[in-house]
Amino acid sequence: MSADRIIPTIITLAVTIMFLILGLVLRKGKGAGLIAGYNTASPEEKRKTDEKALCRFVARLMFFYTACFGLLSLGILTGTDSAFAWIMPIFLIVTVIAVI
């Protein structure tokens with residue numbers, strides 16, 4: 001492994017671990033306050049929302065992000081330059097679909 005790949009690999013692995021931890025917390029139905037929009041919702045809107053279902057949905061999204069960044073860090077580590085070209089479009093498409 002060349003020295004120019006060490007820092008990007010460490011950064012992407014750190015992001016991967018962060019998404020994994022967030023996914024595990026949200027899968028348990030905890031951490032709803034970390035979800036953008038839900039934490040600023042009025043108490044009435046929060047009562048209308050199924051908090052556990054929202055947490056499970058966002059947890060699945062975090063696990064998908066974990067897989068994307070894990071593959072990206074593997075691509076960086078092995079020197080596969082095309083990894084970014086095929087992982088990031090998938091990442092962006094799934095993110096846009098999840099937001100809609």
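This is a predicted model: local features need pLDDT of at least 70, side-chain atom pairs count only at pLDDT 80 or more; totals for chains, interfaces and linings use all residues.
Visitor: How do you know what span to expect of helix H3, residues 51-78?
Guide: The expected span is 1.5 Å times one less than the number of residues. H3 has 28 residues, and 40 Å is expected. From its first C-alpha to its last, H3 reaches 40 Å, close to that expectation.

Visitor: What follows H3?
Guide: Gly79 does, and its phi is positive, near 85°.

Visitor: Why is Tyr65 called buried?
Guide: Buried means under 20% relative accessible area, exposed over 50%, partly exposed in between (1.4 Å probe, protein chains only). Tyr65 has 8%, so Tyr65 is buried. Other buried residues of H3 include Cys55, Leu61 and Gly75.

Visitor: What do the buried residues of H3 pack against?
Guide: They pack against helix H1 (6-27) and helix H4 (82-99).

Visitor: How many aromatic pairs are there, and what makes a pair?
Guide: Rings of Phe, Tyr and Trp (its six-membered ring) pair if their centres lie within 6.5 Å. Planes under 30 degrees apart count as stacked, over 60 as edge-to-face and the rest as tilted. The count is 5 aromatic pairs.

Visitor: Why is the pair of Phe19 and Phe69 called tilted?
Guide: The ring centres are 5.6 Å apart and the planes stand at 50°, so the pair is tilted. Phe19 lies in H1 and Phe69 in H3, so the pair ties together parts 50 residues apart in sequence. Phe19 is buried at 13%, and Phe69 is buried at 14%.

Visitor: What makes Tyr65 and Phe91 an aromatic pair?
Guide: Their rings are 4.6 Å centre to centre, with 45° between the planes, and this pair is tilted. Tyr65 is in H3 and Phe91 in H4, so parts 26 residues apart in sequence are tied together. Phe91 is buried, at 12%.

Visitor: Which residues do ring pairs link into a cluster?
Guide: Phe19, Phe64, Tyr65, Phe69 and Phe91.

Visitor: Which residues is Phe91 in contact with, leaving aside neighbours within four places in sequence?
Guide: Contact means heavy atoms within 4.5 Å. Phe91 is in contact with Phe64, Tyr65, Cys68 and Phe69.

Visitor: What does Thr12 touch, not counting residues up to four places away in sequence?
Guide: Thr12 touches Phe69, Leu72, Ser73 and Ile76. Thr12 is in H1, and Thr12 is buried, with a relative accessible area of 8%.

Visitor: How do you know that Lys46 lies over the face of Tyr38?
Guide: A charge sits over a ring if NZ of Lys or CZ of Arg is within 6 Å of the ring centre and within 35 degrees of the ring normal. Lys46 is at 5.4 Å from the ring centre of Tyr38.

Technical notes:
Residues are numbered from 1 along each chain as its sequence is written. Side-chain values use heavy atoms; hydrogens and water are left out. Helices (H or I, at least four residues) and strands (E, at least two) are DSSP runs, numbered from the N terminus.
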